[in-house]
Amino acid sequence: MNPLFTQKIELQLPDSDIIYYPNFLSAAEAHHYFKVFKETTPWQQDDITIFGKTHPQPRLTALFGENSKPYSYSNITMHPHEFTTELLELRNKLQREIGIHFTSCLLNLYRDGKDSNGWHADDEKALGKNPAIASISLGQERYFHLKHKLKKDLKQKLLLEHGSLLLMKGETQHCWYHQIPKTARPIQERINITFRVIK
Ligand SMILES: O=C(O)CCC(=O)C(=O)O
Ligand SMILES: [Fe+2]
């Protein structure tokens, strides 16, 4: 196994199974993937409707998959593009190193600190019960917040670094919300790739 990959931080949060691997990719690999995904991804900006009000989603996205099954969340239905060479490389690395075969991935581009991802759980029916979600971060590090759905005093902040992997599985989506908050700091772009199994 890649020695860099062995650094593994298991979050000690109840009703969850969350592991953070700060060095899933080397800095050089992460830099390479950031550049390729930034330049070659067919980024789109969808409208979302929250509390009856429609506005542009505060980030750009793209969906890729090994099948043509659409994926719906927050009143958006996305249709997948075919996996690229680089996404297949990452998908195969995840398969080798954590033993999960992912079928799809959603890319997020956070252009600056005004881009964000509001409180949600990835608990869509299409992901099944207790889904595994592997989230790779490239570029600008951003804070990731977690809060328990019922136990209001349970929360956690985690900095997602360039080249890191955050693996969420077990009951995590059932019991916790997560978000990428906005920040007023002047910051650079970040790309996030969340690999999922879409049934
Ligand atoms: O950007 C991130 O790290 C989180 C992305 C996310 O939660 C999602 O796409 O469902
Ligand atoms: Fe999410």
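With 199 residues, the protein has a radius of gyration of 16 Å, which agrees with the value near 16 Å for a compact globule. That radius is taken over C-alpha atoms, and the globule rule is 2.2 Å times the number of residues to the power 0.38. This is a predicted model, in which local features need pLDDT of at least 70 and side-chain atom pairs count only at pLDDT 80 or more, while totals for chains, interfaces and linings use all residues. Residues are numbered from 1 along each chain as its sequence is written, with chains lettered from A and ligands numbered from 1 in the order in which they are written.

**Overall build**

- The C-alpha trace spans about 50 × 40 × 40 Å along its principal axes.
- The protein holds three helices and 16 strands. Helices (H or I, at least four residues) and strands (E, at least two) are DSSP runs, numbered from the N terminus.
- Buried residues make up 31% of the 199. A residue is buried if 20 or more other C-beta atoms, placed from the backbone, lie within 10 Å of its own C-beta.
- Of the contacts between residues at least 6 apart in sequence, 72% join residues at least 24 apart. Contact here means C-beta atoms, placed from the backbone, within 7 Å.

**Annotated span**

- UniProt, in an unreviewed entry, places the feature "domain: Fe2OG dioxygenase" at residues 101-199. Such annotations may be inferred rather than shown by experiment.
- Residues 101-199 are 4% helix and 48% strand, and the end C-alpha atoms of the span lie 12 Å apart.

**The eight-stranded sheet**

- An open sheet of eight strands runs in the order S1-S2-S14-S11-S16-S9-S5-S8, with mixed pairing. Its edge strands, S1 (9-10) and S8 (81-82), each pair on one side only. Two strands pair if DSSP finds at least two bridges between them.
- Strands of a sheet pair through backbone hydrogen bonds, either parallel or antiparallel.
- S9 and S16 are antiparallel, with seven bridges. Cys105 has Phe195 of S16 as its bridge partner, and Asn108 stands opposite Asn192.
- S11 (residues 133-139) also runs antiparallel to S16, joined by six bridges. Leu138 has Ile191 of S16 as its bridge partner.
- S16 is mostly covered, with six of its seven residues buried.

**Around ligand 1**

- The shell consists of Leu106, Asn108, Asn117, Asp122, Ser135, Phe144, Leu160, His178, Ile180, Asn192 and Thr194. A residue belongs if its C-beta atom, placed from the backbone, lies within 6 Å of the ligand.
- Strands S9 (104-110), S15 (176-180) and S16 (190-196) each supply at least two shell residues.
- The shell divides into four nonpolar, six polar and one charged residue. Ala, Val, Leu, Ile, Met, Phe, Trp, Tyr, Cys and Pro count as nonpolar, Asp, Glu, Lys and Arg as charged, and the others, Gly among them, as polar.

**Two buried leucines**

- Leu107 sits in strand S9. Leu107 counts as buried because it has 22 C-beta neighbours inside 10 Å.
- Beyond four places in sequence, Leu107 contacts Phe37, Thr41, Thr61, Ala62, Ile191 and Ile193. From Leu107 to Lys125 is 18 residues in sequence and 20 Å in space, C-alpha to C-alpha.
- Leu25 lies in the loop between strand S2 (17-21) and helix H1 (27-40). Leu25 is buried because 24 other C-beta atoms lie within 10 Å.
- Not counting residues up to four places away, Leu25 touches Ala30, Tyr33 and Gly163. Leu25 and Ile136 are 111 residues apart along the chain, yet their C-alpha atoms are separated by 9.0 Å.

Notes. Buried ≥ 20, exposed ≤ 12 C-beta atoms within 10 Å, placed from the backbone.
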